[in-house]
Amino acid sequence: MESLLNTISLSFVSKNVIEEEIEKKDGEPVFVTCKKCKRRSLKRNWKDNYYVCPNCGKYRSISAQYRMSLIFDPGSYKEINAHMKANDPMKFPEYAQKLEKQKNDTGLEEAAVTAVGKIGGHKTTVVVLDSRFFMGSMSTVVGEKVTRAVEYATKKKTPLIIFSASGGARMQEGIYSLMQMAKTSAAIEEFHATGGLYISFLTHPTTGGVTASFATLGDITLAEPGALIGFAGPRVIEQTINKKLPKGFQKSEYLEAHGFVDKIVPRNEMRDTLIQLLDLHQK
Amino acid sequence: MIDKILEKVEKLDAQILEAESETAEVAKGLVKAVGSSEEVMEDTVDGRADWKAHNKEISKLKSMREYFLAECENLTPEDRVFLARHSQRPHVDDIIDGLFTDFFEQKGDHLYDDDSSIYGGIARFHGIPVTVLGHRKGHTIEDNMKYNFGMPCPEGYRKALRLMNQAEKFKRPIITFIDTPGAYPGMEAEEHGQGEAIAMNLAKMSQFHVPVISVITGEGNSGGALAIGVANRVLMLENAVYSILSPEGFASILWKDSNRKSEACELMKLTAADLKEAGVCDDIIDEPIGGAQRNYEVVMRNMDAVIWKHLQELMKLSPNEVKNDRVSKYRKIG
Ligand SMILES: [Zn+2]
């Protein structure tokens, strides 16, 4: 009994030490500067605020693993198809090296992370695109991992939640990237036919081929505040029509007003909103 | 007619409220002076006289109110049109607050726009997940304008259909609340296919395997009402009206004179009682005397009981029986 208590208190101590290390460097507290308002805040304050700027409310991108830790019941989820490695189907010049660098920088194998776990007690299949890896662009492996996750949800009859964040197609994978739109859309349609619930959660940025496939096929479409969501990017549109776009164009709020988003969900309400929807759709 | 009576009744409401608060003040003062409310009656003769006079005044005002309200027992169809359009009548947002829990609003047709004149989402009714939606009007002129006076564009009907298709997919009953002057007559609405949008709703709603209950809460005019009203059970609040178009529109088409509205009201057979006889309305929900706007609590309780009764009946049927029940209801009319 005594030794068990010791273990518990020890694990607390070691956890605190790790957090201290993250928030302090050489004994000094670490500050992080907001890209939008340029003001800096303590790293601790950013973290307590789910990486939304404590000064201006600007959303910072968060990693797939961190997002999963926010939505799943603690300790309830495991990654699926984690072993799948990035592909170079076109043998595209310098692509292999770029992939290597992205892997080293992010610790990810590809831009999609898929997992199964419990959210408010509901077993759920979740896909998160991580925008740090090649801007979350759709590669063959991203398409394959999304498809396998959707197929898993279909087979196991779990609800499906996909957090999109994507710059669009993975240029280096060409036509193979394009075909992922058809593949993932077909998988989603088969999932729908079995009566499954698909919640599409749009985060910054959701564009191009992801917007034009699985991201807009949800039963319920949610979005993070201020996310850029569209098919063509704003710069392409501005160059094409030779006009400046109105303020807020292609932002979550604009999409909500134009009928494409059911609800804008702040990060601190994300888990509760998902649980409410999963409860409402419980069979 | 009813408008004049209600004016008097509402004036009396205000007077009674004022007199009652004065009485409460007097009573409070007496309690303070004497120490406890039981002693008030015994010990302060002056106070007691004062208190009595106030109460006498209140009961006089109340009996006057009863007198006027008694005149609301026999309403003409035109009176009911007035009540159906009353700005303080409970609307879909009030009803969702009052009858449902755990409401999650779903916005947009996911095609072009979010038409705020249709309001709906997922909620629980007696603990059961349902899809609930209806025309939204708002109680103030600002809200009326924001919600386009409850007149949907094609986008509103497509939003409604999107929500209802999901109800069919997830096997949730559908409950709709109808209160509209009609579909919005606009140039863009035509360009975007107002007719197609309404027709598509009628076609799709007829085929659902989940129970559909529609409640006409205010005015239900034209295809704009029916587009969310192809139901197994059509329920009407006592003073709601349901017709091919507004009485003004009817008079103007038939006689080129929209002033002959009261004549139109008589002819149109638009009251709940008329429609029950015609087999269009299946059940009537009682309103408090003088109209639903006078007591939300009573209206909500009555609505809840009648909707729940019909929903329980429909939930005993198999999915195919639910569909056939609806198809045959409309097949039999006319
Ligand atoms: Zn900031």
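Author: A salt bridge is taken here as a side-chain nitrogen of Lys or Arg within 4 Å of a carboxyl oxygen of Asp or Glu. The model is predicted, so that local features need pLDDT of at least 70 and side-chain atom pairs count only at pLDDT 80 or more, while totals for chains, interfaces and linings use all residues. Residues are numbered from 1 along each chain as its sequence is written, and side-chain values use heavy atoms, with hydrogens and water left out.

Reader: Which residue of chain B meets Asp262(A) in a salt bridge?

Author: Across the interface of chain A and chain B, the rule finds three salt bridges. In one of them, at 2.7 Å from N to O, the side chain of Asp262(A) meets that of Arg162(B).

Reader: Which helix of chain A gives the most to the side that touches chain B?

Author: Helices and strands are DSSP runs numbered from the N terminus, with at least four residues (H or I) for a helix and at least two (E) for a strand. Strand 10 (220-223), helix 9 (252-257) and helix 10 (270-280) of chain A each supply at least two residues of the side that touches chain B. The most, five residues, comes from helix 10 of chain A.

Reader: How many residues of strand 7 of chain A are buried?

Author: Buried means under 20% relative accessible area, with a 1.4 Å probe and protein chains only. Strand 7 (residues 122-129) of chain A is mostly covered. Of its eight residues, the number buried is seven.

Technical notes: Chains are lettered from A and ligands numbered from 1 in the order in which they are written. Buried means under 20% relative accessible area, exposed over 50%, partly exposed in between (1.4 Å probe, protein chains only).
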